[in-house]
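Q: I am new to this structure. Can you walk me through how to read it, feature by feature?

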Amino acid sequence: MSETQEQVLNIIKAEEMDPKFKYEISKIHGAEKIMLCYQCGTCTADCPVSRFSNFYRPRKIARMIQLGLKDRILSDKDLWLCTTCYTCIDHCPQNVDIAHVVRVLRNLSVKHTNSMPLVFKELANNLMKTGFVYVIPESRHTRRAQIGLPPLPKTKPQEIAKLFEITGFAKLLENVETFGRVE
Ligand code: SF4
Ligand code: SF4
């Protein structure tokens, strides 16, 4: 069978499977219950992203971890589609914190591929510079005052920058490669 046929059929090869991967993931905070997933599919049925995407399936993510498909899952750009709405956590009969599992995988994915979506890098840079994930224009502050809304809370971006520095996140942001829209 040609390589292209194998890709179309999404065939899993034995050499791709890392039996230790599920145990490594289970040790990370938030992903401890991944082995309890029994593939019922409730998370996928209720996930608002899966409703609109042909690719993103939290149930599939759980299975890929259990099968040890480390390289595949850590290189999968679909990981960045999760909105962290927590619907899957609320509905999972096994209490698998699948949204947290996705967060864990994203962190590992950045290390594995040295890349993240451009929009996430921009949000992190905004947070470091302004204390807000979005840069709030002066006109927005003026408009709030005009309609009698209280000012937005004061932020301490210098403290955030310090945290980013201490944890190495600032350096990571400097060097990480980016990719565009997730398909
Ligand atoms: S709802 Fe829970 S047990 Fe069911 S497939 Fe999703 S993670 Fe696994
Ligand atoms: S947290 Fe992510 S995986 Fe879970 S239901 Fe929401 S979008 Fe889907």
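**Reading the model**

Q: Which element gives the most to the shell around ligand 1?
A: α5 does, with three residues. Helices (DSSP H or I runs of at least four residues) and strands (E runs of at least two) are numbered from the N terminus. A residue is near a molecule if its C-beta atom, placed from the backbone, lies within 6 Å of it. Before going on, note that this is a predicted model: local features need pLDDT of at least 70, side-chain atom pairs count only at pLDDT 80 or more, and totals for chains, interfaces and linings use all residues. Residues are numbered from 1 along each chain as its sequence is written, while chains are lettered from A and ligands numbered from 1 in the order in which they are written.

Q: Which residues come nearest to ligand 1?
A: Cys37, Cys40, Thr42, Cys43 and Cys92 come nearest, out of 15 residues around ligand 1. Two elements give two or more residues to this shell: α3 (42–46) and α5 (58–67).

Q: How do the residues of that shell divide by class?
A: Start with the classes. Ala, Val, Leu, Ile, Met, Phe, Trp, Tyr, Cys and Pro count as nonpolar; Asp, Glu, Lys and Arg count as charged; the others, Gly among them, count as polar. Around ligand 1 there are ten nonpolar, four polar and one charged.

Q: What surrounds ligand 2?
A: Its shell holds 14 residues, and Cys47, Cys82, Cys85, Cys88 and Ala99 are the closest. The elements giving two or more residues are α4 (48–52), α7 (87–91) and α8 (98–113). The largest share, three residues, is from α8. By class, the shell around ligand 2 has eleven nonpolar, three polar and no charged residues.

Q: How many helices and strands are in the chain?
A: The chain has twelve helices and two strands. From the N terminus, the order is α-α-α-α-α-α-α-α-β-α-α-α-α-β. The C-alpha atoms fill a box of roughly 65 × 35 × 35 Å, taken along the principal axes.

Q: How is the chain divided into domains?
A: Domain bounds come from an automatic or database domain assignment. Here domain 1 covers 1–113 and domain 2 covers 114–183. Their centres, taken over C-alpha atoms, are 28 Å apart. Six residues from domain 1 and seven residues from domain 2 make the contact. Two residues are in contact if their C-beta atoms, placed from the backbone, lie within 7 Å.

Q: Which residues of the largest nonpolar core touch the most other members?
A: In soluble globular proteins, nonpolar side chains tend to be buried together. A residue is buried if 20 or more other C-beta atoms lie within 10 Å of its own, exposed if 12 or fewer, and partly exposed in between, with C-beta atoms placed from the backbone. A nonpolar core is a set of buried Ala, Val, Leu, Ile, Met, Phe, Trp, Tyr and Cys residues joined through C-beta atoms within 7 Å. The largest core here has 22 residues; Ile34, Ile61, Ala62, Ile65, Ile98, Val101 and Val102 touch the most other members. α2 (21–26), α5 and α8 each supply at least two residues of this core. α8 gives the most, with five residues. Leaving out residues up to four places away in sequence, Ile61 touches Ile73, Val101 and Val102.

Q: What is the reach of α8 from its first C-alpha to its last?
A: The expected span of a helix is 1.5 Å times one less than its number of residues. α8 has 16 residues and reaches 22 Å, close to the 22 Å expected. Its buried residues are Ile98, Ala99, His100, Val101, Val102, Leu105 and Ser109. They pack against α3, α5, α6 (70–74) and α7.

Q: Is Asn114 buried or exposed?
A: Asn114 counts as exposed, because it has 11 C-beta neighbours inside 10 Å. Asn114 is in the loop between α8 and β1 (115–117). Its phi is near 50°, a positive value in a residue other than glycine.

Q: How many residues of α11 are buried?
A: Zero of the eleven residues in α11 (157–167) are buried, so far as this count goes the helix is hardly covered. Gly168 follows α11, with a positive phi near 85°.
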